[in-house]
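Subject: Structure handover and notes

Hello,

I am passing this structure on to you.

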Amino acid sequence: MACIRLVFSLILLAFFASKGIEADTRAFFVFGDSLVDNGNNNYLITTARADSPPYGIDYPTHRPTGQFSNGLNIPDLISEHLGMEPTEPYLNPLLCGKKLLVGANFASAGVGILNDTGIQFLHIIRIGQQLDYFKEYQTRVAGLIGSEQTQSLVNKAIVLITLGGNDFVNNYYLVPFSARSRQFSLPDYVRYLISEYRKVLRKLYDLGARRVLVTGTGPMGCVPAELAQRSRAGECSVELTRATELYNPQLNRMLTGLNAELGANVFVAANTYNMHMDFITNPQAYGFVTSKIACCGQGPYNGIGLCTPLSNLCPNRDLYAFWDPFHPSEKANRIVVQQILSGDNKYMYPMNLTTILAMDSRA
Ligand SMILES: *[C@@H]1O[C@H](CO)[C@@H](O)[C@H](O)[C@H]1NC(C)=O
Ligand SMILES: *[C@@H]1O[C@H](CO)[C@@H](O)[C@H](O)[C@H]1NC(C)=O
């Protein structure tokens with residue numbers, strides 16, 4: 001690590017030895033795919049990257065950061081609410097010393113629950129590797145503040161994990177007659193995904209996570225990329241919507257089962273499908289001119305290929321629910337995060353983030 005670790009660790013050691021970690025220090029950890037990647041893929045040899053304009057056009061720096069958004073993404077907005085700096089990509093060499101204490105982002109665009117998801121993107125950080133990095137992170141932090149304080153930091157942290165969408169769009173439905181679709185009927189595939197996801201989440205718990213927001217799959221059938229490929233008149237894809245309708249309720253049941261086994265509400269389901277469908281079915285009510293056409297892209301619905309410097313680009317990103325063929329705009333992300341914070345059980349089960357924060361501040 002090319003960072004000034006030693007100096008920091010000495011200062012920190014003195015600081016924490018005298019004061020202990022501040023009660024309100026709350027780290028934030030992020031795992032998953034492009035919906036939450038803050039730029040890890042910039043450090044990898046992969047085609048799944050968002051490192052050229054117009055990505056980041058509405059970011060405070062107005063430059064691409066590697067995030068798949070015109071501006072802030074869901075983790076940024078959660079950090080903003082927690083009153084913290086955005087989490088840095090774990091692979092950023094500048095993430096070291098004191099900066100580690102606010103958390104880290106391990107997500108990598110293109111990954112899924114399964115190892116064979118996103119293989120066309122080459123070197124991405126599969127979920128098992130993300131968890132290995134989390135372990136490595138804890139060893140590094142223990143070197144700064146000791147292992148007891150590190151465990152407490154991890155136990156108190158808010159964790160966000162977003163996985164599953166790519167297991168459909170970049171695996172099962174990637175090509176007709178994909179290997180997985182020949183191996184499994186859709187209901188069997190969903191059951192398999194859920195059983196594999198359970199192992200991932202159990203491992204996250206074993207690594208110390210105690211407050212974990214788990215998003216279901218979003219509106220996969222309604223994103224501009226799928227409308228361009230599968231839709232005649234702008235209707236959402238029936239197959240992908242069926243996949244979502246099978247997956248999300250089973251995810252909820254699996255999380256409920258895990259919580260029962262652990263004897264605590266560790267895992268909280270965020271129904272991002274319901275959150276998105278509100279503005280997809282009634283975009284005008286949320287200030288959007290359309291939920292079908294991406295701001296940046298080309299072809300029908302601007303849904304073909306990637307968002308590049310040569311793509312069509314809308315002048316006002318706030319008027320579009322989708323920024324590129326797959327990813328919501330910052331404005332849409334703000335609506336989603338508002339529901340994560342204060343939504344009722346239709347959106348957040350068994351409780352919302354505001355309730356979690358209130359409970360933990362009393363604890
Ligand atoms: C995925 O790969 C990792 C690392 O090679 C391995 O430990 C894990 O068992 C694999 N998962 C599945 C579902 O095959
Ligand atoms: C969610 O959060 C709000 C506070 O913003 C609270 O009033 C509400 O009762 C919560 N809903 C649930 C279901 O926990």
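Predicted model: local features only at pLDDT ≥ 70, side-chain atom pairs only at ≥ 80, totals over all residues.

Residues are numbered from 1 along each chain as its sequence is written, while chains are lettered from A and ligands numbered from 1 in the order in which they are written.

Overall fold

The protein chain contains 12 helices and eight strands; these are DSSP runs numbered from the N terminus, with helices being H or I of at least four residues and strands E of at least two. Its radius of gyration is 20 Å, close to the 21 Å from the globule rule for 363 residues, so the chain is as compact as a globular protein of that length. That radius is taken over C-alpha atoms, and the rule is 2.2 Å times the number of residues to the power 0.38. The C-alpha trace spans about 65 × 45 × 40 Å along its principal axes.

Of the 363 residues, 47% are buried. Buried means that 20 or more other C-beta atoms lie within 10 Å of the residue's own, exposed means 12 or fewer, and partly exposed is in between, with C-beta atoms placed from the backbone. Among contacts with a separation of 6 or more, 70% are between residues 24 or more positions apart; a contact requires C-beta atoms, placed from the backbone, within 7 Å.

Core and strands

The largest nonpolar core has 95 residues, and V159, V212, L213 and V214 have the most contacts inside it. Such a core is a set of buried Ala, Val, Leu, Ile, Met, Phe, Trp, Tyr and Cys residues joined through C-beta atoms within 7 Å. Beyond its neighbours within four places in sequence, V159 touches F29, L204, A209, R211, V212 and L213 by the contact criterion.

Strand β5 (residues 267-270) is covered on both faces, with F267 and A269 buried on one side and V268 and A270 buried on the other. β5 pairs in the parallel sense with β4 (residues 212-215) over four bridges, where pairing means that DSSP finds at least two bridges between the strands. Within β5, V268 is the bridge partner of L213. β5 also pairs with β8, in the antiparallel sense and over two bridges; there M348 is the bridge partner of A270.

Backbone sites

Most residues other than glycine have a negative phi, and most peptide bonds are trans. The bond joining P53 and P54 is cis, with omega about 5°, and P54 lies in the loop between β1 (28-32) and α2 (74-82). H62, in the loop between β1 and α2, has a positive phi near 60°. H62 is exposed, with 11 other C-beta atoms within 10 Å.

Y301 also has a phi near 60°, but this residue counts as buried, with 22 C-beta neighbours inside 10 Å. A cis peptide bond runs from Y349 to P350, with omega near 0°; P350 is in the loop between β8 (348-349) and α12 (353-362).

Ligand 2

Which residues surround ligand 2? They are S342, D344, N345, M351, N352, T354 and T355, counted as near if the C-beta atom, placed from the backbone, lies within 6 Å. This shell divides into one nonpolar, five polar and one charged residue. Ala, Val, Leu, Ile, Met, Phe, Trp, Tyr, Cys and Pro count as nonpolar, Asp, Glu, Lys and Arg as charged, and the others, Gly among them, as polar.

Regards

How values were computed:
Contact = placed C-beta atoms within 7 Å.
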